[in-house]
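Trainee: Could you go through this model with me? I'd like to start with the packing and then move on to the ligand.

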Amino acid sequence: MEIMGLEGDYFKDRGGKLTDADEGRYAVTHEASDMNRFVVPNLRNIELTGPYFHDGSVKTLDEAVRKMARYQTPDQNISDQDVADIVAFLKTLTGRYDGKLLTNSNPAAK
Ligand code: HEM
């Protein structure tokens with residue numbers, strides 16, 4: 001589990017009201033060090049499982065990757081080419097079932 005916003009204030013930049021869900025692990029442990037701490041999610045089938053983050057605030061994988069770079073890594077601003085390369089890699093994590101590539105017809109995931 002990691003803090004969402006290690007390298008920048010994700011919640012301030014996101015705006016809007018803070019919700020109980022924004023507390024993350026703190027809601028369970030009430031340890032100050034768990035405030036805004038979330039499970040680092042498995043990225044299998046990530047292409048199909050938007051909207052992203054605990055608050056569902058990000059619709060596209062491109063934007064999720066940019067936000068990860070901005071708020072979780074020291075690089076902060078990565079190039080469009082790096083974003084495209086990372087997204088292309090993430091799309092290789094989409095699985096098959098019965099030999100068919102998985103899809104998601106739920107409009108909320110688009
Ligand atoms: C380039 C590197 C990274 C990529 C491509 C990446 C990608 C992603 C994506 C696509 C999500 C959304 C998952 C979902 O909503 O189902 C996510 C969430 C998350 N990642 Fe990363 N990540 C990166 C680096 C990191 C690092 C370095 C950390 C921590 C040290 C981290 C911690 C997290 C956490 C805690 C979440 C959940 C946030 C929330 O639900 O609000 N990530 N990551």
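Trainee: What is valine 87 in contact with, leaving aside neighbours within four places in sequence?
Mentor: Valine 87 is in contact with Leu61, Asp62 and Val65, where contact means heavy atoms within 4.5 Å. This is a predicted model, where local features need pLDDT of at least 70, side-chain atom pairs count only at pLDDT 80 or more, and totals for chains, interfaces and linings use all residues. Residues are numbered from 1 along each chain as its sequence is written, and side-chain values use heavy atoms, with hydrogens and water left out.

Trainee: And which residues make up the largest nonpolar core?
Mentor: Its 9 residues are Ile46, Tyr52, Val58, Leu61, Ala64, Val65, Val83, Val87 and Leu90; such a core is a set of buried Ala, Val, Leu, Ile, Met, Phe, Trp, Tyr and Cys residues joined through side-chain atoms within 4.5 Å, with buried meaning under 20% relative accessible area (1.4 Å probe, protein chains only).

Trainee: Switching topic, is aspartate 34 buried or exposed?
Mentor: Aspartate 34 counts as buried because its relative accessibility is 5%. Its side chain is joined to that of arginine 25 by a polar contact of 3.2 Å, that is, a pair of N or O atoms within 3.5 Å, where within protein one must be able to donate a hydrogen and the other to accept it, and residues adjacent in sequence count only if both atoms are side-chain atoms.

Trainee: What lies 2.6 Å from an oxygen atom of the ligand?
Mentor: That is a polar side-chain atom of histidine 54, while a backbone N or O atom of phenylalanine 53 lies 2.7 Å from an oxygen atom of the ligand.

Note on methods: Buried means under 20% relative accessible area, exposed over 50%, partly exposed in between (1.4 Å probe, protein chains only).
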